[in-house]
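Subject: Model for your files

Hello,

Please find the structure below.

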Amino acid sequence: MKGSSGAASGPPLSALTRRSLLTGAGGVVVAAPAIVRAQGLSKRRVAVIGAGVFGTWTAEHLRRAGHAVTLIDAFSPAHSRASSGGESRMTRAGYGKDEIYSRMARDSLVEWKALSSRSGLPIFVEHGVLFFTSKPDSYFADSVAVSRKIGLPIVEMTRATMAQRFQMIDFAGVETGFLEPGFGALMARRAVQTLARQLTDKGVIRRTMAAASIRTNGRTADAVISKLGETIQADLFVFALGPWLPKLFPELLGGRIVATRQEVFYFGTPAGDLMFQPGMMPGWADFNGGDVYYGFPDLEGKGVKFAHDTHGIEVDPDTHSRQYSAAALANVVAFRDRRFPGLRGAPLIGSEVCQYENSSNGDFLIDRHPTMSNVILVGGGSGHGFKHGPEVGRLAAAIVLSSGPQTEPRFTLATKATKQAREVH
Ligand SMILES: Cc1cc2nc3c(=O)[nH]c(=O)nc-3n(C[C@H](O)[C@H](O)[C@H](O)COP(=O)(O)OP(=O)(O)OC[C@H]3O[C@@H](n4cnc5c(N)ncnc54)[C@H](O)[C@@H]3O)c2cc1C
């Protein structure tokens with residue numbers, strides 16, 4: 001509720017307007033008087049700005065640790081323009097040699113299953129995930145080795161075994177693949193909205209507010225301020241703004257997190273045909289010599305999903321068109337007709353136009369702000385972040401509550417360059 005007061009709310013507007021607010025680079029505002037607040041309290045006031053998958057899970061871990069959390073978003077959690085707002089997101093552990101992501105996917109899945117069991121409708125659909133390729137490479141061998149090392153079931157498959165089991169797919173040109181039977185789909189928007197609702201039930205304050213600037217007091221932030229002048233004061237701040245992160249921190253993150261246009265399509269199945277239902281059909285990714293397509297079975301009647309997993313053009317998440325392009329549709333239909341002959345002529349029954357928020361190499365950003373010691377930046381989901389939401393939230397909360405630097409070097413700001421070169425798939 002806009003402008004309503006909460007545990008972490010600031011002083012009345014009239015008090016604020018008496019302050020001399022200086023807007024600096026990146027919307028940072030410097031405040032004159034210091035805020036008097038109790039020091040050394042174990043219960044801290046934390047404002048989490050951004051209620052996508054990263055922000056809601058960060059709020060959840062902070063709540064579990066006993067802190068007073070306010071969760072703020074300019075819109076609803078996982079709204080249609082947010083990166084977390086799609087119908088479904090794949091969860092899988094195969095990440096080549098990037099064991100850190102395999103472990104995070106494994107550990108996050110425990111949380112997703114628990115959330116799914118607490119929710120009235122499914123959040124995790126265990127239909128298995130099949131990766132296949134025409135050019136076997138170390139990514140496939142490493143994915144299998146890492147999954148076995150960390151105790152996850154994984155089934156190596158030949159073209160013949162895949163063709164026998166998954167008859168809806170034409171494996172022409174494919175040499176090898178692997179199946180992760182314990183993974184599948186996360187119902188993305190539902191998942192984030194369910195978690196956000198549970199956060200409210202458990203005492204987290206929710207606010208609808210577009211953060212426009214940060215007021216500082218020396219080397220710390222003491223309030224986040226909206227365009228309308230509303231303020232939220234807190235001891236600690238987490239900014240999990242997805243593709244909007246560079247908008248609030250342009251000097252720090254401009255060019256380091258880049259939003260690209262991504263289009264996904266849903267096609268209707270033949271009437272009465274069970275071939276494309278979860279259980280019969282897995283989630284899948286066709287590496288096709290590096291040009292990756294992926295998709296899902298028909299989840300809850302939404303249609304069989306297809307997407308081309310290449311970075312689209314750079315876009316502004318506020319203004320880019322959410323209508324699909326004829327070129328992207330034609331590309332996906334050509335692929336579909338070749339690989340899924342049973343869907344030739346299937347009608348288009350849905351589409352989503354979203355954005356990846358890419359870091360330079362695909363690694364996440366979970367780090368302290370370099371000049372505001374009580375501000376944590378979380379983002380760079382880079383087209384693969386959703387599944388890791390619970391673990392990203394856990395790591396972010398751990399940094400929030402520690403006084404030291406964050407521990408995983410790959411997630412530091414220092415590793416985020418301005419030259420895009422995707423390395424994590
Ligand atoms: C088409 C597509 C397919 C994908 N497929 C997969 C997949 O299969 N598996 C997978 O794991 N991942 C996948 N991803 C990636 C994953 O969805 C994202 O990495 C993840 O959702 C990012 O979440 P987030 O919380 O960082 O951002 P968001 O969900 O965008 O959340 C950011 C929130 O911050 C809010 N906000 C922004 N600015 C402000 C402000 N100034 N004040 C207040 N609030 C603000 C926004 O309103 C938004 O709600 C896919 C992404 C896309 C687009």
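**Helix α3 against helix α10**

Helix α3 (residues 99–118) and helix α10 (residues 389–400) pack with their axes 7 Å apart, at an angle of about 100°. Axes here are lines fitted to C-alpha atoms, for helices over the stretch in contact, and angles run from 0 to 180 degrees between N-to-C directions. α3 and α10 are therefore roughly perpendicular to each other; angles of 65 to 115 degrees count as roughly perpendicular, under 35 as roughly parallel, over 145 as roughly antiparallel, and the rest as oblique. On the α3 side the contact is made by M104, D107, S108, E111 and W112, and on the α10 side by G389, P390 and E391. Two residues are in contact if their C-beta atoms, placed from the backbone, lie within 7 Å. By class, this contact of α3 with α10 has three nonpolar, two polar and three charged residues. Ala, Val, Leu, Ile, Met, Phe, Trp, Tyr, Cys and Pro count as nonpolar, Asp, Glu, Lys and Arg as charged, and the others, Gly among them, as polar.

Before going on, note that this is a predicted model: local features need pLDDT of at least 70, side-chain atom pairs count only at pLDDT 80 or more, and totals for chains, interfaces and linings use all residues. Residues are numbered from 1 along each chain as its sequence is written. Helices (H or I, at least four residues) and strands (E, at least two) are DSSP runs, numbered from the N terminus.

**Helix α2 and its two partners**

The axes of α2 and α10 come within 7 Å and cross at roughly 55°, so α2 and α10 are oblique to each other. In α2, V53, F54, W57, T58, E60, H61 and L62 meet G389, P390, V392, G393, R394, A396, A397 and V400 in α10. That contact of α2 with α10 has nine nonpolar, four polar and two charged residues.

Helix α2 (residues 53–64) also packs with helix α6 (residues 188–201), at about 30° and with axes 10 Å apart. α2 and α6 are therefore roughly parallel to each other. V53, T56, A59, E60 and R63 of α2 make the contact with V192, L195, A196 and L199 of α6; the residues divide into six nonpolar, one polar and two charged.

**Ligand shell**

The ligand is surrounded by 38 residues, the closest being G52, S84, G242, G381 and G385. A residue is near a molecule if its C-beta atom, placed from the backbone, lies within 6 Å of it. The shell has 20 nonpolar, 15 polar and three charged residues.

**Confidence**

The chain averages a pLDDT (the predictor's confidence in each residue, from 0 to 100) of 90. Over residues 1–41 pLDDT stays under 50. Where pLDDT is low, the predicted coordinates should not be read in detail.

Regards
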